[in-house]
Amino acid sequence: MRRKIPGSASLQAFEAAARHGNFARAAQELSLTEGAISRQIAKLEALLGCRLFDRAGSRVRLNPAGARYAHRVRETLERLARDTQYLMGLPEGGRSLDIAALPTFTSRWLIPRLGRFYARHPDITLNIAARTEPFILNGSGFDAALHYDSPAWAGMRVTRLFEERLVPVCHPALLSAGEEGEPLNRLPRIHRRQNPDAWLRWAQETGMHLDNPAQGARYDLHEMAIAAALAGQGVALVPRGYVEDELARGALVAPWPGASTLSKTFCLVKPVESGVNDAALAAFEVWLQDDIQTE
């Protein structure tokens, strides 16, 4: 059955007219005449069987149906433009993967290692978008997600990669000579908003006394907490793997013990059904596991 889909010229004319609220400005943007814009929109309205604009003399205004349709059309055209740019940017015979990943994990763990992936697979381009919470992977447009293990991924194909363990870190200037391991109770503490009881659990496991485990500033991302620690604003409880470079350079210190119970499992999450990018995704998964094992 043939689909009833408007032509791209009609959709572009409508989107521009809806955005500007004016046929003349839409015509100027698209290098067309005002009459051509009017004809394209009339053609679209005839196909839809409803009016999209209210007309009062030479003035036009989106009606409720037109406003709803304009929002959908704009999203569709923007998505089509992005997908077109992705394909245009691929080398001849190249492949691409769209991966959703946690922001700090991406910037501090994944991206520094991607040179090794591209050296092995120069024909595969990774497009990475930040996602802080689990989501419905099927139909999302992503080939896979790099995220924490979660019940939300039930029914997906999940490959467990490694454990993320938290450790307290701070700027060395916060510690006085001879005080290492002792002054944590007097130092400001930095929290991740999504894990508000982390310091309480850390104190319970390590046996170290904290007068008020909930005291301190809260940030959404580990990246923000690390930045605050680097700025000397307190002690952050963060994954050690995210700050190995800073610890090696002495920009941060970790004189206190980590907590084995404060850990999460990182996973590669794949849709249940196979997709057109399965071969590229399989290559990415093999590289991930190989790179982790060589550390």
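What share of the contacts in the protein chain with a separation of 6 or more comes from residues 24 or more positions apart? In this predicted model, such residues account for 73% of those contacts.

## Overall architecture

The protein chain contains 10 helices and 10 strands. Its radius of gyration is 26 Å, well over the 19 Å that the globule rule gives for 295 residues, so the chain is more spread out than a compact globule. The C-alpha trace spans about 80 × 45 × 35 Å along its principal axes. Of the 295 residues in the protein chain, 39% are buried.

## The mixed sheet

Eight strands are arranged in an open sheet with mixed pairing, in the order β4-β3-β5-β10-β6-β9-β7-β8. The edges are formed by β4 (124-130) and β8 (217-219), each of which pairs on one side only. From one strand to the next, the twist averages 25°.

In general terms, the strands of a sheet pair through backbone hydrogen bonds, and the pairing may be parallel or antiparallel.

## Antiparallel pairs

Strand β10 (residues 259-270) pairs with strand β5 (residues 144-148) in the antiparallel sense over four bridges. Within this pair, Ala-145 stands opposite Val-269 of β10. Strand β10 also pairs with β6, again in the antiparallel sense, over nine bridges. Here Arg-160 has Cys-267 in β10 as its bridge partner.

Strand β6 (residues 157-169) is joined to β9 as well, by four bridges, and these two strands run antiparallel. Val-169 lies opposite Ala-236 in β9.

Strand β7 (residues 189-192) pairs with β9 in the parallel sense, over two bridges; Arg-189 stands opposite Val-235 of β9. Strand β7 is also joined to β8 by three bridges, and the two strands run parallel. The bridge partner of Arg-192 in β8 is Tyr-219.

Why is strand β9 (residues 235-239) described as largely enclosed by the rest of the structure? Five of its five residues are buried, so the strand is largely enclosed by the rest of the structure.

Helix α8 (residues 222-230) lies across β5, β6, β7, β8 and β9, and runs at about 140° to β9.

## The α1–α3 contact

Two packed helices are described by the angle between their axes and the distance between the axes. Helix α1 (residues 8-20) packs against helix α3 (residues 34-48) at an angle of about 110°, with the axes 8 Å apart. That angle makes α1 roughly perpendicular to α3, because angles of 65 to 115 degrees count as roughly perpendicular.

On the α1 side, the contact involves Ala-9, Ser-10, Leu-11, Ala-13, Phe-14 and Ala-17. On the α3 side, these residues meet Ile-37, Gln-40, Ile-41, Lys-43 and Leu-44. By class, the contact of α1 with α3 comprises eight nonpolar, two polar and one charged residues.

Note on methods:
Residues numbered from 1 in each chain as written. Predicted model: local features only at pLDDT ≥ 70, side-chain atom pairs only at ≥ 80, totals over all residues. Heavy atoms only, no water. Axes fitted to C-alpha atoms, helices over the stretch in contact; angles between N-to-C directions. Parallel < 35°, antiparallel > 145°, perpendicular 65-115°, else oblique. Contact = heavy atoms within 4.5 Å. Nonpolar A, V, L, I, M, F, W, Y, C, P; charged D, E, K, R; others polar. Buried < 20%, exposed > 50% of the residue type's maximum accessible area, 1.4 Å probe, protein only. Pairing = 2+ DSSP bridges. Rg over C-alpha atoms; globule rule 2.2 N^0.38 Å.
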